Amino acid sequence: MRKFYLLLAIFIAALNLRPILTSVAPLLGTMQSDLGMSGLTASLLTTLPVLCMGIFAPAATALSDRLGLERTIVIALLLITGGTALRGIVGSVTILVVTALVGGIGISLAGPLLSGFIKKYFPTKPGIVSIYSASMTVGAALASAFSIPIYDRSHHSLTLTLSCWAILGVIALLIWSAFLRNKAEQKRLVRSRLPIRNKRAILLTLFFGFMASMFYSITAWISPIAHSFGYSPSSSAVFLTLFTIIQVPVSLIVPGLVSRFGKRRLFLVLCSVFELIGIVMLLFHLPMLPAIICLGIGAGGLFPLALMLPIVETNTSEEAGAWAAMSQCGGYIIGAFGPLLVGTIHDYSGSFHAALLTMLVIIVAMIGVQLLIAGKKAEEGAGS
């Protein structure tokens, strides 16, 4: 029963890490027209939380050392839930930007600490990270898919549509409140430090950055790419939904396979090759559906493996949290500029060809980093 409760806590916490971001994307055009929002401000609603996820990630270890792992995750959930709920009070541009900042800080704290939580309670089962990654993907997909229907059913109420996802946060806080009653956690004598001089941790950060830049670039631009190929706007939007849905089963399966059989290098490179194939298919204007499937398989496998690496590379929950904080700090900052780079190249070249070639180079660089990361220690940890 305790194991089930711990898994439920991981699932419900991770479910809250993306709706404040993905619920905005389908409504950006509507918000611009209703609130008189500029394109730059509209882009901040998605870019700002991602930057926060990187910039404030190191604070997670400091707070965890002072307050405790579980209590810090509760604070993170409070920030995410409060930021989401605040969008239901006043529908203004200022509130949207402020809540994007608050929610991004909450996500930056919860993200790395959930890796530490898994290391603490499931030290020999890093494959549990599949629940973390799959739940995060489900949360993102739910908010993205249902924002427009909720907006239509609520008589075009932006405040209700954007704030209703706070319900998930309330449920999470009720479940995590049990950890606040635990008085057994003692003050730590050893303080966590970011492994800024550890070569493997630096490689992990680079990998996370390449992975995130690809993910956010595909998420932001796959629909416009499809539209430029002659697909209708509705069909182009379906491709984005399909890209997200494919990731759910893949993110559940891949970590379990790696935990059972090891071969971390094989699965890392294999997932990257799927992304490589998908981009090559887009370069040659081949049918979009198989390209989207390849991209979804690649992204769905790479993200949970990026979350798993800090767990298998470290010995304690404090170390795992510190490694995850560092990788997510640098990784999300790099990832936030991926869509910007693709958009800039597209603006200068007038087509997506040069941008897709750039994405191809990023994937090749990512494979090179993966081959350096997945050394003997990682392989042994994966198979333990």
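This is a predicted model: local features need pLDDT of at least 70, side-chain atom pairs count only at pLDDT 80 or more; totals for chains, interfaces and linings use all residues.
**View 1. The largest nonpolar core and the residues that touch the most of its other members.** The largest nonpolar core holds 100 residues, and among these Phe117, Tyr132, Trp176, Phe207 and Ile279 touch the most other members. The element that gives the most to this core is helix 14, which spans residues 288–313 and supplies 15 residues. Another core lies apart from this one; that core has 14 residues, including Leu28, Met31, Met37 and Ala42.

**View 2. The surroundings of Tyr132.** Tyr132 is one of the residues that touch the most other members of the largest nonpolar core. When residues up to four places away in sequence are not counted, Tyr132 touches Ile10, Ala14, Leu17, Gly111, Leu114, Ser115, Ile118, Leu307 and Gln328.

**View 3. Helix 14 against helix 15.** The axes of helix 14 and helix 15 cross at roughly 145° and come within 7 Å, and the crossing in which helix 14 passes helix 15 is right-handed. On the side of helix 14 the contact is made by Phe303, Leu307, Pro310, Ile311 and Glu313, while helix 15 brings Ala320, Trp323, Ala324, Ser327, Gln328 and Tyr332. Sorted by kind, the residues of the contact of helix 14 with helix 15 comprise eight nonpolar, two polar and one charged.

**View 4. Ala325, a buried residue of helix 15.** Ala325 lies in helix 15, which covers residues 317–336, and counts as buried with a relative accessibility of 0%. Leaving out residues up to four places away in sequence, Ala325 touches Ala57, Pro58, Thr61, Pro112 and Leu194. From C-alpha to C-alpha, Ala325 and Thr205 are 9.5 Å apart in space, although 120 residues apart in sequence.

**View 5. Helix 11 against helix 16.** Two packed helices are described by the angle between their axes and the distance between the axes. For helix 11 (residues 199–228) and helix 16 (residues 338–349), the axes come within 7 Å and cross at roughly 55°, which makes helix 11 oblique to helix 16. The crossing of these two helices, helix 11 and helix 16, is right-handed. Ser213, Tyr216, Ser217, Ala220 and Trp221 in helix 11 meet Gly338, Pro339, Val342 and Gly343 in helix 16, and the residues of this contact of helix 11 with helix 16 are five nonpolar, four polar and no charged.

**View 6. Helix 11 against helix 17.** Helix 11 and helix 17 (residues 353–373) pack with their axes 9 Å apart, at an angle of about 155°, and the two helices are therefore roughly antiparallel to each other. The crossing in which helix 11 passes helix 17 is left-handed. Residues of helix 11 in this contact include Leu203, Phe207, Phe210, Met214 and Ile218, and those of helix 17 include Leu356, Met359, Ile363, Met366 and Val369. The residues of the contact of helix 11 with helix 17 divide into 18 nonpolar, three polar and one charged. Ser213 and Ser217 of helix 11 take part in this contact with helix 17, and both also meet helix 16.

**View 7. Leu7 in helix 1.** Leu7 is found in helix 1, made of residues 2–15. Apart from neighbours within four places in sequence, Leu7 is in contact with Phe122, Ile128 and Ile131. The C-alpha atoms of Leu7 and Phe122 are separated by 9.8 Å, while the two residues are 115 residues apart along the chain.

**View 8. Ser23, a buried loop residue.** Ser23 has its place in the loop between helix 2 (19–22) and helix 3 (28–35), and is buried, with a relative accessible area of 0%. Setting aside neighbours within four places in sequence, Ser23 is in contact with Arg87, Ala143, Ser147, Leu162 and Trp165.

**View 9. His155 and His156 in a loop.** His155 is placed in the loop between helix 8 (129–153) and helix 9 (158–163), and His156 likewise has its place in the loop between helix 8 and helix 9. His155 has a positive phi of about 60° although it is not a glycine, and His156, also not a glycine, has a positive phi of about 60°. With a relative accessible area of 73%, His155 is exposed.

Definitions and conventions. Residues are numbered from 1 along each chain as its sequence is written. Side-chain values use heavy atoms; hydrogens and water are left out. A nonpolar core is a set of buried Ala, Val, Leu, Ile, Met, Phe, Trp, Tyr and Cys residues joined through side-chain atoms within 4.5 Å. Buried means under 20% relative accessible area, exposed over 50%, partly exposed in between (1.4 Å probe, protein chains only). Helices (H or I, at least four residues) and strands (E, at least two) are DSSP runs, numbered from the N terminus. Contact means heavy atoms within 4.5 Å. Axes are lines fitted to C-alpha atoms, for helices over the stretch in contact, and angles run from 0 to 180 degrees between N-to-C directions. Angles under 35 degrees count as roughly parallel, over 145 as roughly antiparallel, 65 to 115 as roughly perpendicular and the rest as oblique. A crossing is left-handed if the near helix is turned anticlockwise from the far one by less than a right angle, and right-handed if clockwise. Ala, Val, Leu, Ile, Met, Phe, Trp, Tyr, Cys and Pro count as nonpolar, Asp, Glu, Lys and Arg as charged, and the others, Gly among them, as polar.
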